[in-house]
Amino acid sequence: MNKTTETAEKRQAAEGPERERGELGPTMKGCDILVACLEREGVEAIFAYPGGASMEFHQALTRSKKIRTILPRHEQGGAFAAEGYARATGRAGVCMATSGPGATNLVTGLADAFMDSIPLVAITGQVPQSMIGKGGFQETDFFGMTLPVVKHSYLVTDVNDIPRVVKEAFYIAQTGRPGPVVVDVPKNIQQARTQPFFPKGIRLRGYQAQRKASDLELNEIIGLIEKSERPVLYCGGGIISGNASDELREFAERTQIPVTTTIMGCGAFPEDHPLSLRWLGMHGTAYANWAVSGEFEPRDKKDPNHVPRKIASGADLLLAFGVRFDDRVTGKVEKFCETGTIVHIDIDPSEINKNKPANLPVVSDIKYALQRLNELVRKEPQRNRFAKWHEQVAAWKAKAPLGYRVTKEVIRSQHMTDHLHGQENEVILPQMAIEALYELTGGEAIITTGVGQHQMWAGQYYKYKFPRQLLTSAGLGAMGYGYPAAMGAKVACPDREVIDIDGDGSFLMNIQELATAHIEKIAAKAMILNNQHLGMVVQWEDRFYESNRGHTYLGDPENTKAIYPDFVKIAHGFNVPAERVVYKRDLRAAVKRMVESKEPYVLDVIVPYTEHVLPFIPAGHTVADMIWKE
Ligand SMILES: Cc1ncc(C[n+]2csc(CCOP(=O)(O)OP(=O)(O)O)c2C)c(N)n1
Ligand SMILES: [Mg+2]
């Protein structure tokens with residue numbers, strides 16, 4: 001018996017009954033142990049970019065028959081792709097990078113996964129232990145640097161720890177409130193040999209993944225609903241990560257309570273359902289915002305002391321399920337649902353009373369809570385059917401539906417004259433392109449987005465029917481997210497149509513991933529709403545800075561008549577089919593060609609930059625300041 005086996009067996013005996021169960025493997029190098037652990041976790045794809053400190057892992061990955069290693073062309077693309085995979089499936093996405101610059105390129109992806117509670121396991125190579133702290137080549141303290149944006153992290157210092165660490169990493173990433181976990185492995189650990197012990201169980205002191213509401217709390221909620229006249233369900237990404245959409249639907253239908261979601265919650269409740277208010281917040285529907293906070297007369301801008309009068313009351317009961325009262329949802333938080341009783345259910349106790357105090361806080365897995373609520377409601381059907389409230393909501397929906405129109409200003413704008421060559425009536429508004437995509441995909445595609453105006457329109461003009469259908473960087477708002485995320489989603493769901501609705505600025509930030517898509521035959525598509533500007537910033541310039549342009553033009557100032565850069569030429573350089581569409585009459589056919597393509601594809605849609613996303617509640621303001629029509 002060699003020395004390592006002895007240690008492994010001793011450890012097995014010493015670690016108590018739970019850990020005793022497990023399996024001893026043959027002697028292997030640390031890098032092979034890690035890959036064996038990934039296989040045991042059921043990992044089917046990893047987005048990994050090699051370098052000196054992670055080559056051992058890559059060598060081991062070439063020996064795996066189960067894991068597909070996808071080489072992104074930038075580690076940020078790899079992290080976003082892993083997130084796209086995770087958002088589309090609910091299973092942890094896995095990315096890998098070398099130490100130093102490789103690892104730092106993952107940071108935005110980690111922060112994104114942290115903000116949106118996405119399960120992600122990021123494995124990084126680290127300089128050998130003997131070099132740590134010496135400023136070795138490509139050394140960065142990745143563990144330290146990522147602490148504020150991870151759910152948990154490990155720096156592995158003993159090759160024998162790899163199986164336990166990997167098992168815990170996946171468990172932590174995927175349970176409770178999901179999130180990113182970093183596993184940093186020095187090169188000498190990857191090279192060290194041992195006989196691994198793969199534990200079956202997990203024991204984590206202080207980590208409580210499962211939490212359940214008590215019947216007392218749930219009955220109190222039912223009592224509040226009985227007493228309520230104007231209840232609203234405000235539901236977020238927690239419903240999706242908690243796999244509780246079916247339960248939410250049953251609950252809403254049984255109680256007849258209207259449902260608004262956050263952008264993270266899009267698809268948690270079918271948006272074509274009569275009880276749906278679509279999403280709320282800064283660019284949410286006017287009727288969702290009114291239903292939560294009430295309708296006010298417009299503010300008199302000339303009188304700073306004017307207090308707008310409430311015209312109609314909003315919710316008297318807000319059932320906030322799996323949400324975190326993000327400022328893009330609440331605006332001025334004290335005024336958000338000011339007169340309603342707030343019930344807040346969340347799996348993460350640190351969310352309770354963080355941004356908005358709750359009258360009834362409940363820490364629970366939302367699927368359990370909804371299942372049990374449904375049981376209670378089934379036993380004792382609700383008497384309250386909220387007829388008057390539904391009338392009010394219907395009136396609001398009729399008063400302020402989402403809509404757009406081609407204005408004279410757009411048609412006469414220099415931008416349109418430059419690009420439409422006398423056929424300005426044929427202008428394609430961004431909203432039209434998304435509607436065409438919605439129709440031509442039957443509303444069935446998985447949509448990813450960049451960040452900006454196009455992202456908001458993608459939320460508004462595509463209706464989401466099922467969870468995990470809209471994959472968007474919501475909390476962090478990371479431009480460049482859309483295309484790599486679409487690749488990750490397509491790897492996870494090869495039989496689904498996956499389309500990135502992107503902005504010209506955002507798409508350019510990870511355009512190199514077209515190479516990954518082409519070489520790996522990942523048929524992720526991009527529809528770029530190309531306004532030649534950082535449109536969302538332009539919108540704020542128009543509203544708050546008298547349209548003074550502060551570096552928001554992306555075209556070539558010396559040749560404004562040409563579209564710059566030429567995405568079609570660039571895509572062709574990657575051997576990716578691409579097309580540009582400028583006139584409305586050509587739009588549908590062009591979108592159809594994109595949808596029907598079996599390859600990655602870029603559709604460059606030229607749109608005006610003068611459109612504003614409406615409704616719009618300026619940051620930190622209230623529903624009384626909502627601009628919902630021009
Ligand atoms: C990485 C990153 N840098 C900067 C920003 C700030 N930002 C938010 S939206 C936006 C404009 C995005 O432009 P584009 O992708 O073309 O979308 P559009 O608004 O024009 O639809 C910018 C610069 C950001 N969100 N992310
Ligand atoms: Mg743009």
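A polar contact is a pair of N or O atoms within 3.5 Å; within protein, one must be able to donate a hydrogen and the other to accept it, and residues adjacent in sequence count only if both atoms are side-chain atoms. This is a predicted model, in which local features need pLDDT of at least 70 and side-chain atom pairs count only at pLDDT 80 or more, while totals for chains, interfaces and linings use all residues. Residues are numbered from 1 along each chain as its sequence is written, chains are lettered from A and ligands numbered from 1 in the order in which they are written, and side-chain values use heavy atoms, with hydrogens and water left out.

**View 1. Polar contacts of ligand 1 with His454, Gly477 and Asn531**. Start with His454, where a polar side-chain atom lies 2.9 Å from an oxygen atom of ligand 1. Asn531 also places a polar side-chain atom 2.9 Å from an oxygen atom of the ligand.

**View 2. The shell around ligand 1**. Helices are DSSP runs of H or I with at least four residues, strands are runs of E with at least two, and both are numbered from the N terminus.

**View 3. Helices H5 and H7 side by side**. Take a look at H5 (residues 75-89) and H7 (residues 107-116), which pack at an angle of about 25 degrees with their axes 8 Å apart. Axes are lines fitted to C-alpha atoms, for helices over the stretch in contact, and angles run from 0 to 180 degrees between N-to-C directions. H5 is therefore roughly parallel to H7 (under 35 degrees). Contact, meaning heavy atoms within 4.5 Å, involves Gln76, Ala79, Phe80, Glu83 and Arg87 of H5, together with Thr108, Gly109, Asp112, Ala113 and Asp116 of H7.

**View 4. Two cis peptide bonds**. The bond from Tyr564 to Pro565 is cis, with omega near -5 degrees. Pro565 sits in the loop between H25 and helix H26 (567-573). The bond from Leu614 to Pro615 is cis too, with omega near -10 degrees, and Pro615 belongs to the segment after strand E24 (601-606).

Terms used
Parallel < 35°, antiparallel > 145°, perpendicular 65-115°, else oblique. Near = heavy atom within 4 Å.
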